[in-house]
Amino acid sequence: MNTIEHNSNLSIDSQQNGFERIPTSVYEDSKVASRAVAEEIAEVIRDKANTGQSCVLGLATGSTPTGVYKELIEMHRNEGLSFSNVITFNLDEYFPMEPDFLQSYVYFMNENLFDHIDIKKENIHIPDGTLPKELVATFCQSYEEKILEAGGLDIQILGIGRTGHIGFNEPGSGIHSKTRMITLDHITRTDAASDFFGEENVPRKAITMGVGTILNAKKIILMAWGEGKASIVQETVEGEISDKVPATFLQTHQNTRVVLDTAAAASLVRQKTPWLVGPCNWDVALAKRATIWLSQKLDKPVLKLTERDYMDHGMSDLITDHGPAYDINIKIFNELQHTITGWPGGKPNADDTNRPERALPAKKKVVIFSPHPDDDVISMGGTFLRLVDQGHEVHVAYQTSGNIAVFDDDVIRFTDYFRDLNKDFEISNRSGDELYAKVVSSIENKKPGDEDSEEVAKIKGMIRRSEAKAACRYVGIPDENVHFLDMPFYETGQIKKDPIGPADVKIVTELLDKIQPQQVYAAGDLSDPHGTHRVCLDAIFQALAGLKTEEWTSDCWLWLYRGAWQEWDVNDIDMAVPLSPGELFRKRKAIFKHQSQKDTAVFPGADSREFWQRAEDRNRTTAQIYDQLGLAEYEAIEAFKRYEY
Ligand code: F6R
């Protein structure tokens, strides 16, 4: 029960389960899935080349298809896949948009695919974001004609937006719509805000192929990765056809396949409630999931569930094979009970048979990895406080500087302060003035999307460092236990980061080997395919794998907390640390030390609540769920999953 279970490498193909209306394949992760899609595309390109025909591809941008493009580039380099017979049509482009802008889809496609393959430039088509408005309609018509002249789209690949858009066909788009100018949905603009350094810079319009254009493709592959897409994927694959979710129109197409990683498939009936689909192989993990689901559905504590409740909800075989209900209820109740502990570092001198952590050693060395300088207190501030209060040797390792998430305004404020400090204390009047002038001029001359100057980036990093140090001081750990790793993958000066490299892994390895902890905490955003958290986690996995032969690692447990955005499902929680109202308040004060992130952060995402509010809401919700399941009622709970590496 303690391990994160991975499916086998093979995709789980759509079952005729009566719930899915589009054939759907689920893969272990987005990398394996992207490889499969790339192979499918390569096969069509080769088949067409063998018969002297061109292959017409409909392409998408965004984070979803980048893995497919990487695989295609690999195949071009290593397997001789040629694109000389390929003609491409991209789905969309922002309007207005200059092709050399960082955010343009022309730039994106060149960088992610076209610059690395042998496609003929004249065979590339992307909607033109530079046209005068009055020429757009004619352009759109000719875009449609060009697709037809090329012989129609052989394969169209798609991502899906949180609004259910395909291309930029936002809710309300008709099934027969063609290439046209549209107005972007508010949610879509929020999602694009970080690419544009602020929502105010995101264009309000775009040119997009229509739903009808897409449906004319001979084959369509819609891909989605990560839990953020799970609910819109569920609506697309299992919901009624409606223009409220334009992707549902794909249900009318005869040759569409949805390709998912396990996280994006999580809300499909077959994944979420497989007992409603057919007989299951019941193990403790599945029984726990089913019992929790039933208890929540009926709003009844676990110990009050009856035979009838199980039978009426597709779980007759669970009752027959493992019943009666009384036994199942007790078993699952105890499983849940045993996740709760006020001693996250283990309870000294206590029988630890049914506790999440070992009693020994009584005083543990602990490393908390925090991808950004505030994830530690936001996601596990209460547990951090408890570990320190209970006498463990706690270290925090901040993996990145977090410097891009600081407002320019704060840099000016701090430099001004430094200037006055210099003057008043007569340290060196000139350097303060000089720095101030330099910083202000570089900020004033910066356009949205430009990199910060070296000084500004450095000061931003320093602001976040000083906040993290203040939070650690508040929690009560000495300065020498606070480690700033400044992992190099992050220091691009851009929102887009480099991939993980050996230098990143080395830094993490060296720290771990120096401290030799018994407990490691890390941000476990396992299925976030691109974000900083995922890279930070990979560095820890790789470091621990490299250290496997070191004796200390055999007694080192890895606990995963969730990043700022989600919480673990109750059935995944291996350790639940309750917080009293007082502890929750202390946690809030630790988060408040991160002043640069308060009163709206630079990258707040789609959620308008502040980080401390999100953290408290989430911890209170977990406590309410435990309470509803019939366990003790706490003010708040922080949750962890153990990862066996
Ligand atoms: C991109 C496009 C959009 C994206 C969708 C998902 O050309 O038309 O429909 O596919 O917004 O974006 P990502 O992949 O970034 O989550």
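## Exercises on a predicted model

Ser 453 is partly exposed, with a relative accessible area of 22%. Buried means under 20% relative accessible area, exposed over 50%, and partly exposed in between (1.4 Å probe, protein chains only). The model is predicted: local features need pLDDT of at least 70, side-chain atom pairs count only at pLDDT 80 or more, and totals for chains, interfaces and linings use all residues. Residues are numbered from 1 along each chain as its sequence is written, and side-chain values use heavy atoms, without hydrogens or water.

### Exercise 1: The ligand shell

How many residues surround the ligand, and which are the closest?

*Solution.* 
- Step 1. Count the shell, taking a residue as near if one of its heavy atoms lies within 4 Å of the ligand. The shell holds 13 residues, and the closest are Thr 64, Asp 92, His 165, Gly 167 and Lys 229.
- Step 2. Sort by class: three are nonpolar, eight polar and two charged. Ala, Val, Leu, Ile, Met, Phe, Trp, Tyr, Cys and Pro count as nonpolar, Asp, Glu, Lys and Arg as charged, and the others, Gly among them, as polar.
- Step 3. Look for N or O pairs. The side chain of His 165 has an N or O atom 2.6 Å from a ligand oxygen. A polar backbone atom of Gly 167 is 2.7 Å from an oxygen of the ligand. For a backbone N or O atom of Gly 159, the distance to a ligand oxygen is 3.5 Å.
- Step 4. Turn to area. The ligand taken alone exposes 410 Å², and the protein buries 86% of that. Such areas come from the Shrake-Rupley method with a 1.4 Å probe; for residues, only the protein chains shown count as cover.

### Exercise 2: A helix pair

At what angle do helix 13 and helix 16 pack, and which residues meet?

*Solution.* 
- Step 1. Helix 13 (residues 375-389) and helix 16 (residues 454-475) pack at about 35°, with axes 10 Å apart. Axes are lines fitted to C-alpha atoms over the stretch in contact, and angles run from 0 to 180 degrees between N-to-C directions.
- Step 2. List the contacts (heavy atoms within 4.5 Å). Helix 13 brings Val 377, Phe 384, Leu 385 and Val 388; helix 16 brings Ala 471, Cys 472 and Val 475.
- Step 3. Classify. The contact has seven nonpolar residues, no polar and no charged ones.

### Exercise 3: Buried polar side chains

Is Gln 156 buried or exposed, and what does its side chain reach?

*Solution.* 
- Step 1. Gln 156 is in strand 7 (residues 155-158). It counts as buried because its relative accessibility is 0%.
- Step 2. A polar atom of its side chain lies 3.2 Å from the backbone oxygen of Gly 58. Beyond four places in sequence, the contacts of Gln 156 include Leu 59, Leu 91, Met 209 and Ile 221.
- Step 3. Thr 66 lies in helix 2 (residues 66-79). At 14% relative accessibility, Thr 66 is buried. Its side chain reaches the backbone oxygen of Ser 63 at 2.9 Å.

### Exercise 4: Backbone exceptions

Where are the cis peptide bonds from Phe 95 and Gly 323, and what is phi at Asp 299 and Asp 486?

*Solution.* 
- Step 1. Recall the background: most residues other than glycine have a negative phi, and most peptide bonds are trans.
- Step 2. The bond from Phe 95 to Pro 96 is cis, with omega near -5°. Pro 96 is in the loop between strand 5 (92-95) and helix 3 (105-112).
- Step 3. Gly 323 and Pro 324 are also joined by a cis bond, with omega about 5°.
- Step 4. Asp 299 has a positive phi, near 50°; this residue is exposed, at 57% relative accessibility.
- Step 5. Asp 486 has a positive phi near 40°, and at 30% relative accessibility it is partly exposed.

Notes:
A residue is near a molecule or strand if one of its heavy atoms lies within 4 Å of it. A polar contact is a pair of N or O atoms within 3.5 Å; within protein, one must be able to donate a hydrogen and the other to accept it, and residues adjacent in sequence count only if both atoms are side-chain atoms. Helices (H or I, at least four residues) and strands (E, at least two) are DSSP runs, numbered from the N terminus.
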